[in-house]
Amino acid sequence: MKILVVEDDRAISDFIRSGVESEGYTCDQVFDGLRACDLLAENMYDLVLLDVMLPGADGFEIMEYIAPVGMPVIFITAKADVSDRVKGLRLGAEDYLIKPFDLAELLARIEVVLRRYKKGAAELNGAGVTLNLDKHTCIKDGREIHLTQIEFELCAFFIRNKNTALFRETIYERVWQAEFTGDTRTVDLHVMRLRKKLDWEERLVTVNRIGYRLNA
């Protein structure tokens with residue numbers, strides 16, 4: 001499990017990192033909001049521990065960036081107002097922890113969120129398709145559709161981000177896990193194959209000058 005800690009106070013960040021690594025998690029640290037967005041664009045994390053008050057971009061702005069990707073988030077902040085907690089949860093955060101906090105409580109909350117997220121993420125549904133992430137199966141209209149590894153990952157990415165316009169660059173970097181070089185043919189070809197296999201000609205639409213959107 002890989003966790004990203006977004007916290008501008010280095011002492012607190014180191015405290016969190018020490019705790020989560022003692023439980024066997026891998027941890028990346030970042031100390032400002034804009035750099036956090038860079039890391040989130042480059043990597044997939046199992047969980048993000050996110051401060052609200054950050055230089056560059058605050059936690060709520062980063063949460064709006066994270067939400068379409070589907071990474072779970074726990075806010076860790078000194079902002080104790082009910083309105084802030086409500087805002088964070090409505091933006092899609094899984095939990096909200098107020099500073100100062102006990103490390104044991106943080107670790108317990110991490111365990112609960114990851115367990116809940118893993119259970120919920122075992123199956124994805126959208127646009128008439130069911131993906132089982134454990135068995136690596138794709139079911140449509142009661143029958144199994146064979147997808148290659150990349151097609152399966154591409155399908156899962158569209159379902160996770162259904163009804164959202166996605167740039168070709170974003171699709172390539174998230175699905176192929178490589179830097180986008182400007183050649184869109186790879187993405188376009190795989191989208192064409194996915195449309196044909198899943199009968200998504202009317203659902204997986206082209207968005208002019210952007211990329212694609214799965215209407216679900």
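Angles between axes under 35 degrees count as roughly parallel, over 145 as roughly antiparallel, 65 to 115 as roughly perpendicular and the rest as oblique. Axes are lines fitted to C-alpha atoms, for helices over the stretch in contact, and angles run from 0 to 180 degrees between N-to-C directions. Helices (H or I, at least four residues) and strands (E, at least two) are DSSP runs, numbered from the N terminus. The model is predicted: local features need pLDDT of at least 70, side-chain atom pairs count only at pLDDT 80 or more, and totals for chains, interfaces and linings use all residues. Residues are numbered from 1 along each chain as its sequence is written, and side-chain values use heavy atoms, with hydrogens and water left out.

The axes of α7 and α8 come within 9 Å and cross at roughly 80°. The two helices are therefore roughly perpendicular to each other. Arg 168, Ile 171 and Tyr 172 of α7 make the contact (heavy atoms within 4.5 Å). Their partners in α8 are Thr 186, Val 187 and Asp 188. These residues divide into 3 nonpolar, 1 polar and 2 charged. Here Ala, Val, Leu, Ile, Met, Phe, Trp, Tyr, Cys and Pro count as nonpolar, Asp, Glu, Lys and Arg as charged, and the others, Gly among them, as polar.

Helix α6 (residues 149-160) also packs with helix α8 (residues 185-198), at an angle of about 80° and with the axes 10 Å apart. α6 and α8 are therefore roughly perpendicular to each other. From α6, the contact uses Ile 150, Glu 151, Leu 154, Cys 155 and Phe 158. From α8 come His 190, Val 191, Arg 193, Leu 194, Lys 197 and Leu 198. This contact holds 7 nonpolar, 1 polar and 3 charged residues.

Helix α7 spans residues 168-175. Its buried residues are Arg 168, Ile 171, Tyr 172, Arg 174 and Val 175. Buried means under 20% relative accessible area, exposed over 50%, and partly exposed in between (1.4 Å probe, protein chains only). Just after α7, Gln 177 takes a positive phi of about 55°.

The whole structure contains 5 aromatic pairs. Rings of Phe, Tyr and Trp (its six-membered ring) pair if their centres lie within 6.5 Å; planes under 30 degrees apart count as stacked, over 60 as edge-to-face and the rest as tilted. The rings of Phe 15 and Phe 101 have centres 6.2 Å apart and planes at 45°, so this pair is tilted. Phe 15 lies in helix α1 (residues 10-22) and Phe 101 in the loop between β5 (95-98) and α5 (103-121), 86 residues apart. Phe 15 is partly exposed at 39% relative accessible area, whereas Phe 101 is buried at 15%. Tyr 172 and Trp 176 form a stacked pair, 5.2 Å centre to centre with 10° between the planes. Both Tyr 172 and Trp 176 are buried. Ring pairs also link Phe 60, Phe 75 and Tyr 96 into a cluster.

Two further buried residues were examined. Ala 57 is found in the loop between β3 (47-50) and α3 (59-66). Its relative accessibility is 10%, so Ala 57 counts as buried. Leaving out residues up to four places away in sequence, Ala 57 touches Gly 33, Leu 34 and Ile 62. Asn 132 is in strand β7 (residues 129-132). It is buried, with a relative accessible area of 17%. Beyond its neighbours within four places in sequence, Asn 132 contacts Ala 122, Glu 123, Thr 137 and Phe 152.
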